[in-house]
Each structure stands twice: as C-alpha cells, then as structure tokens.
Amino acid sequence: VLELVRVVCFAGLLSLGFLAHGQDSAAGKPAAVTTFIQQMTGTWKVQSRMWPGPNAKAVDLPPAAARRDIVGGAYLREVMEPADGSTQDPFTRVAFFSYNLVNSQYEYFSLDSRLPQMMSYVIPGANKIRSGNVELTGTSFVAPEWGTEKNVPFMYRLTIGPVEGGRQVIQLFLTEQSGRSNEFLAFEYVYGLQP
C-alpha cells in the first residue's frame with residue numbers, strides 16, 4: 001500500500017509539472033520539447049575549434065555533420081559524424097538534450113566514440129538560462145592525454161546558444177581539478193543549418 005501511495009504521489013507531482021510547463025497546443029501534449037529545443041532540429045554543418053589550455057592558440061578541427069531530431073515528442077537526439085569527404089578517422093558522437101518537467105531545467109548527455117566517457121549535465125539546480133544561453137554544469141571526466149600530460153581530470157560546463165539566422169554556437173569549458181588553472185574555453189562548435 002505504501003508503494004502504491006508513493007507511485008500515486010509521484011504521478012500527481014509529474015502531472016503538476018506538466019500543467020505548470022503548459023501544453024503544446026498543436027499536439028495537445030505536455031510541452032517538454034520547448035521552442036528552444038525545437039529550433040535545433042535539422043541537418044547541420046559543424047565547424048569546431050579546440051584550445052589545448054588556458055591562453056592557448058585555437059586549433060581548427062575537421063568539419064563534421066550533425067543530424068538532430070525530436071524523439072517521441074520528448075527530447076532532442078543529435079548524431080554527429082565526420083562531414084562527407086572528410087579524411088579524418090570515423091567517429092560517432094551521440095547527444096540528448098531535454099527539458100525536465102519535474103525539476104524545470106534543461107538536461108544534456110553525450111557519448112563520443114573518440115573518448116567513450118559519458119558526459120552528463122543533470123545536476124539538480126545547477127543548470128540555468130543566462131543571456132539567452134542554456135548553461136549546463138557537468139561533473140568530471142579524465143582526459144587520457146592533454147598536451148604532454150596523461151590522465152588529466154577536469155570539471156566541465158557547457159553553454160548552448162540560441163539558434164539565430166540558422167546558426168548556433170555551443171561551447172565546452174574545462175577546469176583542471178588539480179587547481180592549476182582557472183576555467184577556460186576548450187571547445188567551440190559552430191553549427192550552420194543546411195537547407
């Protein structure tokens with residue numbers, strides 16, 4: 001009986017979350033897929049740059065292509081691979097982006113075949129919208145190689161900019177857990193929507 005009460009209470013809270021966030025008037029469904037997320041769908045050309053450390057010079061990375069779609073009206077799925085004709089080694093990066101109706105915040109998760117560590121941004125209360133960007137706080141990961149060093153632990157943060165004029169910028173910031181450096185911009189992905 002106690003378990004049933006918990007389930008009913010959770011379902012009630014979930015329903016309140018749906019009502020608080022509103023309905024998708026076109027489909028009559030809870031609006032878990034926000035306008036911000038909806039604008040990210042489509043096929044995108046991705047130009048990326050990497051900074052190997054604070055105050056380091058940016059390194060241009062080979063172009064990639066990303067396909068983004070809404071799964072079941074619930075969340076955005078992105079699959080990124082090398083662009084057609086690229087000479088870089090094959091890779092697949094899969095990411096999921098959603099709006100959690102229960103805690104009223106955006107959440108993000110990714111996994112890349114080049115560095116297969118799950119990068120999750122679902123810390124309750126840590127994610128926010130600031131100046132039109134969704135800011136997502138992650139936990140930690142270990143870079144097997146970073147410059148001349150091996151197995152470097154980092155904390156990470158991601159900002160997802162708005163889609164404006166068929167363009168979107170996503171930036172990944174890192175902070176060495178050793179405390180030797182302040183947070184720095186490590187990767188920037190510039191997405192261009194393809195017709």
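## A charge over a ring

The charged end of Arg 157 sits over the ring of Phe 173, 4.4 Å from its centre. A charge is said to sit over a ring if NZ of Lys or CZ of Arg is within 6 Å of the ring centre and within 35 degrees of the ring normal. Arg 68 provides another case, lying over the face of Tyr 191 at 4.0 Å from the ring centre.

This is a predicted model, in which local features need pLDDT of at least 70 and side-chain atom pairs count only at pLDDT 80 or more, while totals for chains, interfaces and linings use all residues. Residues are numbered from 1 along each chain as its sequence is written, and side-chain values use heavy atoms, with hydrogens and water left out.

## The sheet

Strands (E, at least two residues) and helices (H or I, at least four) are DSSP runs, numbered from the N terminus. Strands of a sheet pair through backbone hydrogen bonds, either parallel or antiparallel. Two strands are taken to pair if DSSP finds at least two bridges between them. Here, 11 strands form an open sheet with antiparallel pairing, in the order E8-E7-E6-E5-E4-E3-E13-E12-E11-E10-E9. Its edge strands are E8 (115–121) and E9, each of which pairs on one side only. From one strand to the next, the twist averages 25°. For such angles, axes are lines fitted to C-alpha atoms, for helices over the stretch in contact, and the angles run from 0 to 180 degrees between N-to-C directions.

Strand E12 (residues 167–176) is mostly covered, with seven of its 10 residues buried. Buried means under 20% relative accessible area, exposed means over 50%, and partly exposed lies in between (1.4 Å probe, protein chains only).

E12 pairs with strand E11 (residues 149–160) in the antiparallel sense over seven bridges; Tyr 156 has Leu 174 in E12 as its bridge partner. The hairpin of E11 and E12 has six residues between the strands, and in it Gly 165 takes a positive phi near 60°. E12 also pairs with strand E13 (residues 184–193), again in the antiparallel sense, over eight bridges. Val 169 stands opposite Val 190 in E13.

Arg 68 lies in strand E4 (residues 59–71). Is Arg 68 buried or exposed? Arg 68 counts as buried because its relative accessibility is 4%. A polar atom of the Arg 68 side chain lies 3.4 Å from the backbone oxygen of Met 40. Beyond its neighbours within four places in sequence, Arg 68 is in contact with residues including Trp 44, Glu 78, Gln 168 and Tyr 191, where contact means heavy atoms within 4.5 Å.

Asp 69 is also found in strand E4, but it is partly exposed, with a relative accessible area of 30%. E4 and strand E5 (residues 75–82) run antiparallel and are joined by eight bridges. Asp 69 stands opposite Arg 77 in E5, and the side chains of Asp 69 and Arg 77 make a polar contact of 2.6 Å. A polar contact is a pair of N or O atoms within 3.5 Å; within protein, one must be able to donate a hydrogen and the other to accept it, and residues adjacent in sequence count only if both atoms are side-chain atoms.

## Aromatic pairs

Rings of Phe, Tyr and Trp (its six-membered ring) pair if their centres lie within 6.5 Å; planes under 30 degrees apart count as stacked, over 60 as edge-to-face and the rest as tilted. By this rule the count comes to 14 aromatic pairs. Phe 97 and Tyr 106 form a stacked pair, 5.2 Å centre to centre with 20° between the planes, and both residues are buried.

Phe 141 and Tyr 156 form an edge-to-face pair, 5.8 Å centre to centre with 65° between the planes. This pair links distant parts of the chain, Phe 141 in strand E10 and Tyr 156 in strand E11, 15 residues apart. Both Phe 141 and Tyr 156 are buried. One aromatic cluster includes Phe 97, Tyr 106, Phe 141 and Tyr 156 among its members.

Most residues other than glycine have a negative phi. Ser 104 is placed in the loop between strand E6 (93–100) and strand E7 (105–112) and is partly exposed, with a relative accessible area of 48%.

Ser 131 likewise has a positive phi, of about 55°. Its position is the loop between strand E9 (128–130) and strand E10 (133–146). Ser 131 is exposed, because its relative accessible area is 73%.
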